[in-house]
Amino acid sequence: DQSQKPDVLLFSPCDGIGEVAYTLRRLMHLQVACYGSEILPEAIRVTATHNPDDPQLGDITAVSDQTLQEVVDKASASGHILYAAGTPCQDNSVLKGDGRLGLLGEKSGLLYKCASVKRRLEKISKKNGVTVYVLFENVAGTSEDDVFNMQSDMETRAPTHVDAEEA
């Protein structure tokens with residue numbers, strides 16, 4: 001029920017099929033207001049099926065400061081935003097073999113745009129007394145150099161490694 005005050009305001013660039021919002025709602029039973037950014041029509045349809053009230057912002061490379069201000073305004077009641085990002089993993093995947101491009105690739109390189117949007121969101125949030133928390137994920141095949149760059153650009157701590165096969 002989106003009419004209740006959200007426990008979590010989620011900003012989800014590269015939202016995919018909306019799995020972070022879905023997980024917070026279904027497994028943790030939280031009220032979540034989610035602003036997702038995705039370009040793949042198939043993924044947007046899946047998200048809309050499970051989370052029909054969530055605004056879809058489209059291409060992360062085109063999100064405006066006005067839109068970010070609207071997100072911050074919505075978060076002012078709770079005082080915080082969860083920025084949960086995971087850029088496309090195709091360029092990092094071990095399935096690409098030794099020739100994978102990592103962050104130099106077009107898809108995984110979206111990290112840099114996500115980091116830029118995060119910094120803009122944090123700047124606007126700070127002016128409005130809202131704190132931004134960051135959750136960033138990617139695949140195990142990511143090179144050590146790329147992990148360092150992700151950590152640096154997203155301004156996060158050392159990664160916690162979770163293997164889906166072991167979870």
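**Exercise 1.** In this predicted model, determine how many residues of strand 2 are buried.

*Solution.* Step 1: A residue counts as buried when its relative accessible area is under 20%. Step 2: Applied to strand 2, this cut-off gives six buried residues of six, so the strand is mostly covered. Step 3: Sort the residues by side. V32, C34 and G36 lie on one side, and A33, Y35 and S37 on the other; all are buried, and both faces are covered. Step 4: The sorting follows a general rule: in a regular strand the side chains alternate between the two faces of the sheet.

**Exercise 2.** Find how strand 1 and strand 2 are joined.

*Solution.* Step 1: Strand 1 covers residues 8-13 and runs parallel to strand 2, with six bridges joining them. Step 2: For one of the residues, F11, the bridge partner in strand 2 is Y35.

**Exercise 3.** Locate E38 and decide whether E38 is buried or exposed.

*Solution.* Step 1: E38 sits in the loop that links strand 2 (32-37) to helix 2 (41-50). Step 2: The relative accessibility of E38 is 10%, and therefore E38 is buried. Step 3: List the contacts of E38, setting aside neighbours within four places in sequence: among them are C14, D15, G16, A43 and Q56. Step 4: Toward G16, the side chain of E38 reaches the backbone nitrogen at 2.6 Å.

**Exercise 4.** State what share of the protein chain is buried.

*Solution.* Step 1: The chain has 167 residues, of which 38% are buried. Step 2: Its secondary structure consists of five helices and four strands.

Terms used. Residues are numbered from 1 along each chain as its sequence is written. This is a predicted model: local features need pLDDT of at least 70, side-chain atom pairs count only at pLDDT 80 or more; totals for chains, interfaces and linings use all residues. Side-chain values use heavy atoms; hydrogens and water are left out. Helices (H or I, at least four residues) and strands (E, at least two) are DSSP runs, numbered from the N terminus. Buried means under 20% relative accessible area, exposed over 50%, partly exposed in between (1.4 Å probe, protein chains only). A polar contact is a pair of N or O atoms within 3.5 Å; within protein, one must be able to donate a hydrogen and the other to accept it, and residues adjacent in sequence count only if both atoms are side-chain atoms. Contact means heavy atoms within 4.5 Å. Two strands pair if DSSP finds at least two bridges between them.
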